[in-house]
Amino acid sequence: MHLLDIVVPTDTAAAGMTVREVFTECAERNVPGLPYVDERGKVVGRVSIRHTLKMTCIPEYMVKAAHLLGDAIDHLALRDDEIQLILDLPIDEFVLEDVAHLSAASPIVKALSVMEYYNTGYVFLCDDERYRGIVTRMGIARLLLKRSPVI
Amino acid sequence: MPPEIAPTELTRDMLVAGGVLVAAYALIFTEVLHRATAALLGAVLMVVAGMVFGFYDQESAIQAIDGNTMVLLLAMMMMIAILRPTGAFEYAAVRITKLARGDARVLLVYLTLAVSLISMILDNVTTIIIFAPLTVLITRLLKLNPMPFLIAEAMMSNIGGAATLVGDPPNIMIGSAANIDFTRFLVHMGPPIAVVWIGTVALLLFLFRDHLRVRLSGEVELDERKAIKDPAALAMALGSLALIVVLFFVHHKLHLYPAFVALVGLVLAMLLLRSQPDRLFAEVHWSVLIFFAALFVIVGGVEGSGLLDLVGWQLADMARDPEKLLLACLALMWVAAMLSAVVDNIPFTVAMIPIIVGLEKAGLDIAPLWWALAIGVGLGGNGTHIGATANIIAVSESEKTGDPRGRITPVAWLRVGIPTMVVSLVLASAVYALFFDYFLG
């Protein structure tokens with residue numbers, strides 16, 4: 001089992017890009033985040049859909065009382081103009097500095113361990129600082145199913 | 001107690017100890033260092049200075065730490081760590097909101113009453129940490145400005161905490177130093193604080209009248225039943241807390257320290273709920289406890305140098321005349337309040353305690369001074385947004401609302417805080433002066 005078998009190649013995020021551009025790439029590739037690279041192309045951070053949504057769409061006071069919330073709270077939902085505003089924000093504001101990355105030679109068990117350590121569902125695959133793609137938990141689950149099919 | 005011989009002149013030891021105290025307090029108040037670090041540095045310097053000049057040593061420093069205060073705070077912090085996950089606070093907040101039946105003014109009164117009552121037994125900071133985000137959500141759901149509610153809750157939690165021995169750390173320190181039991185504290189502080197409470201709520205309703213003059217439509221879309229995840233655990237936690245409260249009322253008759261009483265309830269709760277001690281210890285505010293312990297050590301050194309006795313004897317002449325005693329008490333109350341509005345009231349309280357104890361050596365009735373100090377430090381915190389930790393939490397929560405109207409700026413707080421502090425002090429002073437004999441020892 002090799003990580004290269006399940007890696008999903010994606011574009012990278014960089015300074016100047018908007019939330020919309022990052023979300024579009026993530027949605028097209030079906031991945032939960034992208035690496036953030038500096039002007040030399042080195043991965044220096046990551047952009048996570050979860051973190052970006054948390055910072056822009058859900059106030060902390062709602063998270064704390066989420067278990068009490070009813071369904072008739074439409075007036076607290078995001079308006080179209082607010083959504084437009086969020087998607088046009090520069091992605092730089094939402095870059096996380098903790099980057100989990102592995103080399104193509106890393107075993108799957110190391111990938112899972114690193115994901116647990118960083119409390120994330122994905123890791124970046126880099127060789128000689130060159131970004132190859134993203135490995136997700138879902139990809140690993142698919143790989144396990146492929147290796148041991150139902151007889 | 002017969003009067004002792006008065007110290008008359010400033011000695012080298014007093015100057016050294018006073019210098020360390022001033023330097024440490026300057027570091028604490030200017031926030032150059034974290035207050036716990038600053039206090040620890042001051043404590044170490046005081047012990048070193050005391051050992052070099054011979055007025056203080058390590059044993060005296062350890063004895064200066066008030067074990068009753070420290071253990072009581074620790075036990076109540078752990079008790080809160082047990083109660084918090086039960087969902088009782090959330091349940092109460094949502095239930096209260098529904099009971100207000102769409103009247104914003106009634107909602108403000110109910111919420112402030114709830115935080116006041118909880119703050120009489122539990123730490124008011126924790127009460128606000130739990131209530132403030134819920135209040136923002138409730139007000140957003142009801143399309144109200146959260147600002148009046150956040151300010152009112154913080155202020156009324158400070159006032160509620162002032163009523164009891166365990167409601168506020170300064171009260172714990174005063175009660176422990178003056179050997180005042182829970183019931184005596186409540187009986188003396190309860191009436192003035194009740195008057196202050198009513199007056200302050202009325203004032204807040206007036207000051208926020210434009211925000212509250214709305215009839216709310218519809219139910220608040222929150223289900224309080226989902227707050228309680230484990231009813232059995234809640235019952236056991238509340239039962240243990242009830243035992244603590246009952247024992248607080250009789251601890252002096254049983255010759256038990258309030259700290260021991262709190263420990264009894266805590267141990268019972270830990271046993272009944274099979275609580276993980278590591279989780280409870282992780283939720284203890286250790287930096288707060290270390291800060292208090294270090295302050296005790298610093299002030300213990302100043303006491304050891306004789307400086308506080310000297311200060312006490314100077315003040316004693318002023319307060320010896322019964323008529324002047326009332327004036328001295330009111331002066332102490334207002335000075336304590338003014339200082340508490342701008343700086344942390346704990347260092348002030350810790351420094352004042354040995355001075356008041358020293359006045360007793362000068363043959364004075366110091367009982368009314370304890371109540372004046374407790375009222376002053378308890379009410380002064382409402383003056384500014386930095387006057388109490390609960391205020392800072394309310395301000396911080398208002399900044400997360402995403403609504404500029406709901407943001408509590410320092411000026412917005414002052415507009416409400418100064419009149420509230422002055423009115424509450426006037427009311428407390430009036431009750432105190434009218435029934436001054438009641439506050440005598």
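**Close-up views of a predicted two-chain model**

**View 1. Surroundings of Ile298(B).** Neighbours within four places in sequence aside, Ile298(B) is in contact with Leu21(B), Ala24(B), Ala39(B), Gly42(B), Ala43(B) and Met46(B); contact means that the C-beta atoms of two residues, placed from the backbone, lie within 7 Å. This is a predicted model, in which local features need pLDDT of at least 70 and side-chain atom pairs count only at pLDDT 80 or more, while totals for chains, interfaces and linings use all residues. Residues are numbered from 1 along each chain as its sequence is written, and chains are lettered from A and ligands numbered from 1 in the order in which they are written.

**View 2. The nonpolar cores.** Ile298(B), Ala39(B), Met79(B) and Leu373(B) have the most contacts inside the largest nonpolar core, which has 165 residues. A second, separate core of 22 residues includes Ile6(A), Val19(A), Val31(A) and Ile140(A). A nonpolar core is a set of buried Ala, Val, Leu, Ile, Met, Phe, Trp, Tyr and Cys residues joined through C-beta atoms within 7 Å. A residue is buried if 20 or more other C-beta atoms lie within 10 Å of its own, exposed if 12 or fewer, and partly exposed in between, with C-beta atoms placed from the backbone.

**View 3. Chain B as a whole.** Chain B has 22 helices and zero strands; helices (H or I, at least four residues) and strands (E, at least two) are DSSP runs, numbered from the N terminus. The C-alpha trace of chain B spans about 70 × 50 × 45 Å along its principal axes. Of the 441 residues in chain B, 54% count as buried.

**View 4. The side of chain B that touches chain A.** Here 18 residues of chain B are in contact with 14 residues of chain A. Helices H5 (88–99) and H7 (124–141) of chain B each supply at least two residues of this side, and the largest share, six residues, comes from H7(B). By type, the residues on this side of chain B are eight nonpolar, two polar and eight charged (Ala, Val, Leu, Ile, Met, Phe, Trp, Tyr, Cys and Pro count as nonpolar, Asp, Glu, Lys and Arg as charged, and the others, Gly among them, as polar).

**View 5. Two asparagines with positive phi.** Most residues other than glycine have a negative phi. Asn119(A), however, has a positive phi of about 50°. Asn119(A) is in the loop between helix H5 (108–118) and strand S6 (122–127) of chain A, and is exposed, with 8 other C-beta atoms within 10 Å. Asn179(B) also has a positive phi, near 55°, and is in the loop between helix H9 (169–178) and helix H10 (182–207) of chain B.
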